[in-house]
Amino acid sequence: MNMQMLGLSDIVEQYEARFENPPILIRASGRINVIGEHTDYNDGFVLPAAVDKYIFFALAENGTRECNFYAANIEERFSFQLKDMQPGPSVWANHLMGVLQQFEKGGVALEGIDCVFGGNLPIGSGMSSSAALECGFALGVCALFSLEYNRKELALLAQRASHEFVGVPCGIMDQFASLMGREGQAIRLDCRSLNHEYIPLDLGDCELVLVDSKVKHDLGDSEYPKRVAECKAGVAVLRRHYPEISSLRDVTLDMLKLHRSELEDAIYRRCIYVVKENARLQEACRCLWKGELERLGALLLVTHEGLRDEYEVSCPEIDFLVDFASGYPGVLGARVMGGGFGGCTINLVRKDAKEKLLKEITKAYFRQYGIHCEYYFVHPVDGTDVIRGS
Ligand code: GLA
């Protein structure tokens with residue numbers, strides 16, 4: 001979908017055109033993930049960062065029991081009574097209602113809310129617009145009703161909203177990154193304990209560039225829950241031999257190889273990918289600390305191969321972009337980012353090669369698929385925050 005890019009002032013203007021009460025303002029960040037894909041719901045490790053692509057919110061209480069939302073980028077409105085919250089066809093509204101429902105479950109007495117939101121965070125491109133939507137709104141609700149939730153609690157609340165109301169069994173990476181991001185840093189997150197450390201994203205003469213394939217295969221919606229289930233199925237088989245394991249986080253390559261014949265081929269490949277990806281992430285963190293960027297780039301490429309061949313969440317358009325970039329002088333590595341089946345590739349590129357690469361990749365991609373890809377320069381920033389409170 002081509003959407004218009006909106007800034008904070010646009011959102012305030014749109015709010016004022018519709019509603020009267022003075023709003024609080026929130027800025028919610030999207031995220032990138034350097035490495036560690038599809039590991040979060042396996043209790044593994046991820047290395048995301050909040051980035052400077054945002055959804056802005058203007059919201060206020062309206063003194064009624066009704067909520068009125070307006071999604072400015074896509075010019076859609078949605079109103080409902082608090083007592084009638086039900087998942088429906090509007091996915092973005094489901095994310096917001098899901099958040100409200102979680103506050104209610106936590107014993108919060110809600111009031112009606114007027115809210116306008118929108119920004120420059122691409123939708124459905126693997127940069128976690130859904131998590132930014134949930135996290136920004138959750139922080140806004142806290143600010144409106146003076147609720148005391150810490151950021152980890154809010155990330156978990158937003159994740160539950162996705163699980164229980166939207167029906168997406170996502171991991172915790174996106175919500176955590178959106179709320180816990182820090183300027184200039186990536187977050188090495190242990191998705192089991194939620195322990196985390198910040199690692200400077202110092203890339204010297206390189207930078208990370210996202211190339212948006214502009215495709216989103218519907219298949220992705222059904223395959224994500226399927227991958228979650230496949231990983232669980234692998235664990236269930238291995239638990240017969242190792243009752244102490246509870247997720248792929250606890251599984252070793254030796255265990256998998258030893259019991260390969262008991263696992264369906266696809267399940268085996270999903271599991272081996274996850275186990276290797278967790279190990280790759282540890283190495284990638286060491287590379288970042290030591291400034292070994294060539295090796296980091298090589299790891300990104302190996303991750304892509306794993307996502308393509310073992311985890312099977314890539315698609316021809318994305319493979320084209322990765323292949324083109326990785327064969328290009330000055331590109332250290334590239335891979336599909338996020339859930340997969342389209343969206344963005346993340347590319348580690350020498351700054352002086354960037355412009356030429358983007359020119360050529362755009363041309364080649366258009367020649368091949370007739371699609372204008374877009375690219376985004378992103379920088380690690382502080383996560384989702386209140387810009388103006390009540
Ligand atoms: C989506 C999910 C995340 C994570 C990634 C893949 O972004 O929301 O929880 O599983 O896919 O790494």
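1. A residue is called buried here when its relative accessible area is under 20%, exposed when that area is over 50%, and partly exposed in between, with a 1.4 Å probe and protein chains only. By that criterion G306 is buried, since its relative accessible area is 4%. The residue sits in helix α9 (residues 293–310), where helices are DSSP runs of H or I with at least four residues and strands are runs of E with at least two, both numbered from the N terminus.

2. The model is a predicted one, in which local features need pLDDT of at least 70 and side-chain atom pairs count only at pLDDT 80 or more, whereas totals for chains, interfaces and linings use all residues. Residues are numbered from 1 along each chain as its sequence is written, and side-chain values use heavy atoms, with hydrogens and water left out.

3. Leaving aside neighbours within four places in sequence, G306 is in contact (heavy atoms within 4.5 Å) with Y273, Y311 and E312.

4. N94, in helix α2 (residues 91–105), is likewise counted as buried, at 6% relative accessibility. A polar atom of the N94 side chain lies 2.7 Å from the backbone oxygen of G88, and, with residues up to four places away in sequence not counted, N94 touches Q86, P87, G88, F165 and V166.

5. In helix α1 (residues 8–18), the buried residues are I11, V12 and Y15. They cover an arc of only 100° around the axis, taken from the directions from the helix axis to the C-beta atoms, and therefore lie on the same side of α1. An α-helix has 3.6 residues a turn, so residues three or four places apart point the same way. The buried residues of α1 pack against β1 (24–33), β3 (48–61) and β6 (113–119), while the face turned away from the buried side carries the exposed residues S9, E13 and A17.

6. Oxygen atoms of the ligand take part in polar contacts, meaning pairs of N or O atoms within 3.5 Å: one lies 3.2 Å from a polar side-chain atom of R31, one 2.7 Å from a backbone N or O atom of H38, and one 2.9 Å from a polar backbone atom of G171. Taken alone, the ligand exposes 310 Å², of which the protein buries 90%, with areas from the Shrake-Rupley method and a 1.4 Å probe.

Technical notes
A polar contact is a pair of N or O atoms within 3.5 Å; within protein, one must be able to donate a hydrogen and the other to accept it, and residues adjacent in sequence count only if both atoms are side-chain atoms.
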